[in-house]
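My entries follow in the order in which I made them.

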Amino acid sequence: MTTPRTAQTVTPPTFTSYVQARGPVLLRAARSLTSNPSDAEDLLQTALTKTYLAWERIEDHRALDGYVRRALLNTRTSLWRKRRVDEYAVDELPEPDPLPEPDPAEQQAIRDAMWRAVVKLPARQRAMVVLRYYEDLSEASTAEVLGVSVGTVKSAVSRALAKLREDEELAEVAHRDSQAMAA
């Protein structure tokens with residue numbers, strides 16, 4: 001036979017003893033809700049104030065941590081909703097000034113000068129430049145189309161680009177365009 005056990009009466013903790021025992025744990029919970037340690041302390045203080053006011057109404061003192069955590073979360077949510085918003089509705093959106101678009105006539109002048117410079121190149125170099133940069137073929141594809149080695153394409157294109165850089169008409173048009181864009 002079993003002997004009946006007498007129910008042990010557990011004295012609920014006082015508010016002060018609860019805060020002393022669980023304070024560090026609750027502060028960690030508050031810090032997980034805010035990014036600033038000072039805000040976490042304020043949040044915990046507010047939640048503990050709410051808990052103190054409801055202390056006599058809390059029936060199950062084993063669930064105090066859950067009650068305080070819920071108070072922390074509710075308080076944080078209320079503070080978040082009440083926060084000051086630094087954005088205001090306005091009639092016009094503050095858009096940045098658009099970048100100046102290049103003049104189509106100047107762009108055409110550069111393209112024309114570039115083509116005149118390309119036409120001045122020897123036929124083989126011109127063919128390689130057109131295939132590489134106008135048709136956008138790779139060095140290997142250009143070599144295959146022209147029936148030469150990749151090294152030949154690389155060296156011929158390099159010499160052609162050097163000639164294009166030295167072309168006076170092209171340099172003059174490009175210089176005018178860069179001055180116009182800077183103004």
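**Entry 1: α1 with α3**

Is the crossing of α1 and α3 left-handed or right-handed? I noted first that the model I am reading is a predicted one, and then I found that α1 and α3 cross in a right-handed way. Helix α1 covers residues 15-33 and helix α3 covers residues 64-82, and I read an angle of about 35 degrees between them, with their axes 11 Å apart. On the α1 side, the residues that take part are Tyr18, Arg22, Val25, Leu26, Ala29, Ala30 and Leu33, and they meet Leu64, Asp65, Val68, Arg69, Leu72, Leu73 and Arg76 of α3. When I looked up the kinds of residue in this contact of α1 with α3, I found 10 nonpolar, no polar and four charged.

**Entry 2: α1 with α2**

I stayed with α1 and turned to helix α2, residues 37-53, which packs with α1 at an angle of about 135 degrees, the axes being 9 Å apart. That angle makes α1 oblique to α2, and the crossing in which α1 passes α2 is right-handed. From α1 I listed Phe15, Val19, Gly23, Leu26, Leu27, Ala30, Arg31 and Leu33, which meet Pro37, Ala40, Glu41, Leu43, Leu44, Leu48, Thr51 and Tyr52 in α2. The residues of the contact of α1 with α2 divide into 12 nonpolar, two polar and two charged. Going back over my lists, I marked Leu26, Ala30 and Leu33 of α1 among the residues that meet α3, and I marked Leu26, Ala30 and Leu33 again among those that meet α2.

**Entry 3: what the record says**

I then looked at the UniProt record, an unreviewed entry, which places "domain: RNA polymerase sigma-70 region" at residues 19-84. For residues 112-164 the chain is 81% helix and 0% strand, with 13 Å between the end C-alpha atoms.

I took Gln125 as an example: Gln125 counts as buried because its relative accessible area is 9%, which is under the 20% cut-off. Leaving out residues up to four places away in sequence, Gln125 touches Ala156, Arg159, Ala160 and Lys163.

Next I looked up how α5 and α6 pack, and read an angle of about 135 degrees with the axes 9 Å apart. This makes α5 oblique to α6, and the crossing of α5 and α6 is right-handed. Ala127, Met128, Leu131 and Arg132 in α5 meet Glu139, Thr142, Val145 and Leu146 in α6, and the residues of this contact divide into five nonpolar, one polar and two charged.

After α5 comes Asp136, which lies in the loop between α5 and α6. I noted that the phi of Asp136 is positive, near 60 degrees, in a residue other than glycine. I wrote beside it that most residues other than glycine have a negative phi. Asp136 is exposed, with a relative accessible area of 65%.

Not counting residues up to four places away in sequence, Val145 touches Leu131 and Leu137. I also looked up how far Val145 is from Asp60: they are 85 residues apart along the chain, and their C-alpha atoms are separated by 86 Å.

**Entry 4: Pro102**

Pro102 counts as partly exposed, at 33% relative accessibility. Pro102 and Asp177 are 75 residues apart along the chain, and I read a separation of 8.7 Å between their C-alpha atoms.

Note on methods. Residues are numbered from 1 along each chain as its sequence is written. This is a predicted model: local features need pLDDT of at least 70, side-chain atom pairs count only at pLDDT 80 or more; totals for chains, interfaces and linings use all residues. Side-chain values use heavy atoms; hydrogens and water are left out. Helices (H or I, at least four residues) and strands (E, at least two) are DSSP runs, numbered from the N terminus. Axes are lines fitted to C-alpha atoms, for helices over the stretch in contact, and angles run from 0 to 180 degrees between N-to-C directions. Angles under 35 degrees count as roughly parallel, over 145 as roughly antiparallel, 65 to 115 as roughly perpendicular and the rest as oblique. A crossing is left-handed if the near helix is turned anticlockwise from the far one by less than a right angle, and right-handed if clockwise. Contact means heavy atoms within 4.5 Å. Ala, Val, Leu, Ile, Met, Phe, Trp, Tyr, Cys and Pro count as nonpolar, Asp, Glu, Lys and Arg as charged, and the others, Gly among them, as polar. UniProt positions are given in the numbering used here, feature names are shortened, and annotations may be inferred rather than shown by experiment. Buried means under 20% relative accessible area, exposed over 50%, partly exposed in between (1.4 Å probe, protein chains only).
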